[in-house]
Amino acid sequence: MENFVIEGGRELFGEVNISGAKNAAVAIIPAAILANDVVRIENIPQISDVQLIIEILDRMGAKVKLIKRDTIEIDSSNISYQSVPYELTSHFRASYYLIGAMLGRYKKAEVAMPGGCNFGVRPIDLHVKGFKMLGAEVDTIDGMVVANADKLVGASIYMDNVSVGATINVMLAAVLARGLTIIENAAKEPHIVDLANFLNSMGADVRGAGTDVIKIRGVEKMHGCTYSIIPDQIEAGTYMVAAAACGGDVLIKNVIPKHLESISAKLIESGAEIIEYDDAVRVTRFKPLNKCNVKTMPHPGFPTDMQPQMCVLLSVADGTSILSESVWDNRFQYVGQLLRMGANIQVDGSVAVIEGIPRLTGCEVSATDLRAGAALIIAGLVADGTTTVENIQYIDRGYEDVVAKFSTLGANIKRVEVPELSVVQSAG
Ligand code: EPZ
């Protein structure tokens, strides 16, 4: 088992490079099987979620070749149809993209209901609704999602809720369907646009990604391509919030500043200065932090995946801030860990009321999910004393080289091996 051990209280200075986007990579890699050809994908982040999806494709018979550290080649021309069991999907929510990709390629799919970070109920009803409207029969049998279609035919699909996953899955299933599919009330996140660009590079005809309405005209066949994944909006946002929370002067490189606007706006309101360059943002903060209210929303709103990190910043800002979560039902589980560090936060349903205090105090805390884990690193960096973050496997799912990247900014953070404790059960 490994923990992060952080000595807090230092300002951050220097430059950090942002990796490829996790949530784009986990959609683009399974989408590669639609080509039935050789696809080269660049700017792949070195994180455990990506290793898992590559392993699944490998087990399906795809030939996956490492070209260089962040570039792979996937040859899916020889893969054979097979079901994807729970042992492969249980740790990894985005494995449900295999349903859309396999349905697109084989007109059938059998994929175990996935696991992943737990924010309460995580339904897939909108994915299923989309597949059914394209002509598939979809059932859940013994924990497996089983989808079959004689043929897929384009349809007009209204998403009752803005869903990243359902929008992506319908795009994957529709690119090789007959005729026109229209997704209304589609998600507009940067990785939706990235997936559309990737599909189009493979010969698909997807238009309107990044707006509420995506139109997909089915094509007969797709082909190989070379494609580079966009920078990770949330990794970039995490370093931006860390720089603003700790104070200092940090240049965050290899980003698309447009994707970071909602985060920049809230950091400016909290007292940071942000300078945007073509492919970098600079965050400086030397004044005290101010309170500020934040509400998470689908893109272009403030991302839910930045909510825990922002909560840490607000917990050491002057005054009382209101943080509202409007995407997930249950995304404040980590707050208990911040309370242990001295934060003054009250959660009522989907709203957290944060009374800022001058400093957090280091102690042992445990990550409850990926972004909560990132937030606890930031909390450790701003806290007095030593913070030990446990359950860091969540953080490794989505942050490449987090120790090296924070260390180059002057943070004192180490990955430490700890022996597993054997729990002695009482006989009484
Ligand atoms: C994606 O999850 C991201 N994951 C999440 O990031 C992110 O928090 C989320 O989008 C919102 O931005 C990946 O891209 C792999 P949704 P996803 O479908 O697709 C409801 C991270 O930390 N809904 O947009 O699963 C759902 O309950 C991860 O990187 C339905 O009602 O999220 C939620 O309230 C965690 N029915 C809302 O929609 C459905 O069929 C948004 O969920 C599907 C979703």
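Analyst: Helices (H or I, at least four residues) and strands (E, at least two) are DSSP runs that are numbered from the N terminus. Gln 233, for instance, has its place in helix α8, which covers residues 233-246. Please keep in mind that this is a predicted model, in which local features need pLDDT of at least 70 and side-chain atom pairs count only at pLDDT 80 or more, while totals for chains, interfaces and linings use all residues. Residues are numbered from 1 along each chain as its sequence is written, and side-chain values use heavy atoms, with hydrogens and water left out.

User: Is Gln 233 buried or exposed, and which backbone oxygen lies 3.0 Å from a polar atom of its side chain?

Analyst: Buried means under 20% relative accessible area, exposed means over 50%, and partly exposed lies in between (1.4 Å probe, protein chains only). Gln 233 counts as buried because its relative accessibility is 11%. A polar contact is a pair of N or O atoms within 3.5 Å; within protein, one must be able to donate a hydrogen and the other to accept it, and residues adjacent in sequence count only if both atoms are side-chain atoms. Here a polar atom of the Gln 233 side chain lies 3.0 Å from the backbone oxygen of His 259.

User: Which atoms of the protein lie 2.7 Å, 2.6 Å and 2.5 Å from the ligand?

Analyst: In the side chain of Asp 125, an N or O atom is 2.7 Å from a nitrogen atom of the ligand, whereas the side chain of Ser 163 places an N or O atom 2.6 Å from a ligand oxygen. Val 327 takes part through its backbone, where an N or O atom lies 2.5 Å from an oxygen atom of the ligand. On its own the ligand has 830 Å² of accessible area, and the protein covers 90% of it; such areas come from the Shrake-Rupley method with a 1.4 Å probe, and for residues only the protein chains shown count as cover.

User: How many residues are around the ligand, and how do they divide into nonpolar, polar and charged?

Analyst: A residue is near a molecule or strand if one of its heavy atoms lies within 4 Å of it. There are 26 residues around the ligand, of which Leu 126, Ser 163, Val 164, Asp 305 and Val 327 come nearest. For the division, Ala, Val, Leu, Ile, Met, Phe, Trp, Tyr, Cys and Pro count as nonpolar, Asp, Glu, Lys and Arg as charged, and the others, Gly among them, as polar. The shell then holds 13 nonpolar, seven polar and six charged residues. At least two residues of this shell are supplied by each of α1 (22-31), α5 (125-133), α6 (164-174) and α12 (370-382).

User: What should I look for in the backbone of the loops?

Analyst: A cis peptide bond, with omega of about 10°, joins His 299 and Pro 300, and Pro 300 is found in the loop between β17 (294-295) and α10 (307-315). Lys 107 is not a glycine, yet its phi is positive at about 65°; Lys 107 is found in the loop between α4 (97-106) and β6 (108-112). Asn 391, also a residue other than glycine, has a positive phi near 60° and is found in the loop between β22 (386-390) and α13 (393-396). Asn 391 counts as partly exposed because its relative accessibility is 30%.
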